[in-house]
Amino acid sequence: LAAAARPRRRGTAGPTPDSEALILFTSGTTGVPKGAPLSHRNIVTNIIQGQAWMPGMDGSRELSILAVLPLFHVYGFTLTAGLGVAAGGTLIMLPSPDPALMTGLLRKRTPTYMPGVPTLYSRVLDAADAEGVDLSGIEFALSGAAALPVPVTRRWEEHTGGRIVEGYGLTETGPVLAANPFTDDRRAGYVGVPFPDTELRIGDPEDLSRTLPDGEPGELLARGPQVFAGYLDLAEEEQPFHDGWFRTGDIAVMEPDGFIRIVSRLKEMIITGGFNVYPAEVEKELVTHPDIARAAVVGVPREDGSEEVTAAVVLAEGVGRGSVDDAALRAWLKERLTPYKVPRRFVVVDDLPSDLIGKVRRREVRDLVTGTADD
């Protein structure tokens, strides 16, 4: 940003802070795929904010960062590669978040900082316990993309002797908007407080101009230098903004001291392994299978804080329950969908809970498949 402010020689051209640096495709807050352009300012300021937030990220000490998150995802791009380079750290690259690869590396080298998602931390802990790998020395860990379970927090800090905190953000916000401090003030079950130079407020879903009192749930709205300017090729009236505030699409509560807790998502997005799965996309493929008449896809919470993609299906007429092979159905879907979007379980039901106009009641579907799982 400072370099961009310096005068250029006449006739030369180059990017400005507000030039587009990259375009990441996301389903945003409506479930419809859209391009989210992020500017150099969006990315650089979020890196600077991260440096101010995390101890030792100012370049004053030697750091090593375990880069296991995919770099095509904004989380890995900004909070791993970008932050690591800005801090003058060493990036320890792994080709995939495979626990075996990670424990093999951790036997030889201990990173200072390890960003990740709850499922990743849980799997690493289990693998370390099984293989007798010492995790002590990992000083800082930032968890995002899904709720961080308290048991995982406790286990991680017991094994490493370091700190793990939960943060919150979206692709459209570069990504971080809020995080817990790396101090004793961090609060389990909360995504923390706003990042530096970031404004967050809870809007009344019926009137977003009205900020709700502390403790009342409403839509989380954001404003700051890391927030993008709008989706690619989308009309102004369709952009996710209200009077200059970005609409996150998440329902949250803000406490009097500024700590924020995410209550639920306005849309029925499923988060599995740190990736977003939108039910409609999976359902669209499922109903093209000759044995399936209707389908509803929901996320069933796991103990590690992520969700299991689960499909409730109504079979086509004449198809018997015993003829449905889960493994064959998964293999069929993997030819049409990215593997993480393929349901782990298929529950055959007589009908899908629906309202009077035929819209599926997803909450009831979730209760239905959870009850079936307990049988």
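Contact, as used here, means heavy atoms within 4.5 Å. Helices (H or I, at least four residues) and strands (E, at least two) are DSSP runs, numbered from the N terminus. The model is predicted: local features need pLDDT of at least 70, side-chain atom pairs count only at pLDDT 80 or more, and totals for chains, interfaces and linings use all residues. Residues are numbered from 1 along each chain as its sequence is written, and side-chain values use heavy atoms, with hydrogens and water left out.

## The chain as a whole

The chain holds nine helices and 19 strands. Its radius of gyration is 22 Å, close to the 21 Å that the globule rule gives for 375 residues, so the chain is as compact as a globular protein of that length. That radius is taken over C-alpha atoms, and the globule rule is 2.2 Å times the number of residues to the power 0.38. The C-alpha trace spans about 75 × 55 × 50 Å along its principal axes.

Of the 375 residues, 49% are buried. Buried means under 20% relative accessible area, exposed means over 50%, and partly exposed is in between (1.4 Å probe, protein chains only). Among contacts with a separation of 6 or more, 60% are between residues 24 or more positions apart. The chain exposes about 18,100 Å², and carbon and sulfur atoms supply 50% of that area. Accessible areas come from the Shrake-Rupley method with a 1.4 Å probe; for residues, only the protein chains shown count as cover.

There are 38 positive and 52 negative side chains, and the centres of the two sets lie 5 Å apart. Lys and Arg count as positive and Asp and Glu as negative, while His and the chain ends are not counted. The place of a charge is taken as NZ of Lys, CZ of Arg, CG of Asp or CD of Glu.

Helix 5 covers residues 118-131; at 1.5 Å a residue its 14 residues should span 20 Å, and its end C-alpha atoms are 20 Å apart, which agrees. The expected span is 1.5 Å times one less than the number of residues. Buried residues of helix 5 include Tyr121, Val124, Leu125 and Ala128. An α-helix has 3.6 residues a turn, so residues three or four places apart point the same way. The buried residues of helix 5 pack against helix 4 (99-108), strand 5 (140-143), helix 6 (150-160) and strand 6 (163-169).

Asp126 is also found in helix 5, but it is partly exposed, with a relative accessible area of 43%. Asp126 and Asp350 are 224 residues apart in sequence and 38 Å apart in space, C-alpha to C-alpha. After helix 5 comes Gly132, whose phi is positive, near 70°.

Trp156 lies in helix 6 and counts as buried at 0% relative accessibility. Not counting residues up to four places away in sequence, Trp156 touches several residues, among them Tyr121, Val124 and Leu125.

Strand 2 (residues 34-39) includes Lys34, which counts as buried at 8% relative accessibility. Ser39 lies in strand 2 and is likewise buried, at 8% relative accessibility. Leaving aside neighbours within four places in sequence, Ser39 is in contact with Pro17, Asp18, Ser19, Glu20 and Ala21. Ala13 is found in the loop between helix 1 (2-5) and strand 1 (20-26), and is exposed, with a relative accessible area of 74%.

## Backbone exceptions

Most residues other than glycine have a negative phi, and most peptide bonds are trans. Two aspartates with positive phi are listed below.

| Residue | Phi | Relative accessible area |
|---|---|---|
| Asp233 | about 55° | 77%, exposed |
| Asp243 | near 50° | 62%, exposed |

Asp233 lies in the loop between strand 11 (218-223) and strand 12 (241-242). The C-alpha atoms of Asp233 and Lys34, 199 residues apart along the chain, are separated by 8.6 Å. Asp243 is in the loop between strand 12 and strand 13 (245-254).

A cis peptide bond joins Gly174 and Pro175, with omega about 10°. Pro175 lies in the loop between strand 6 and strand 7 (176-179).
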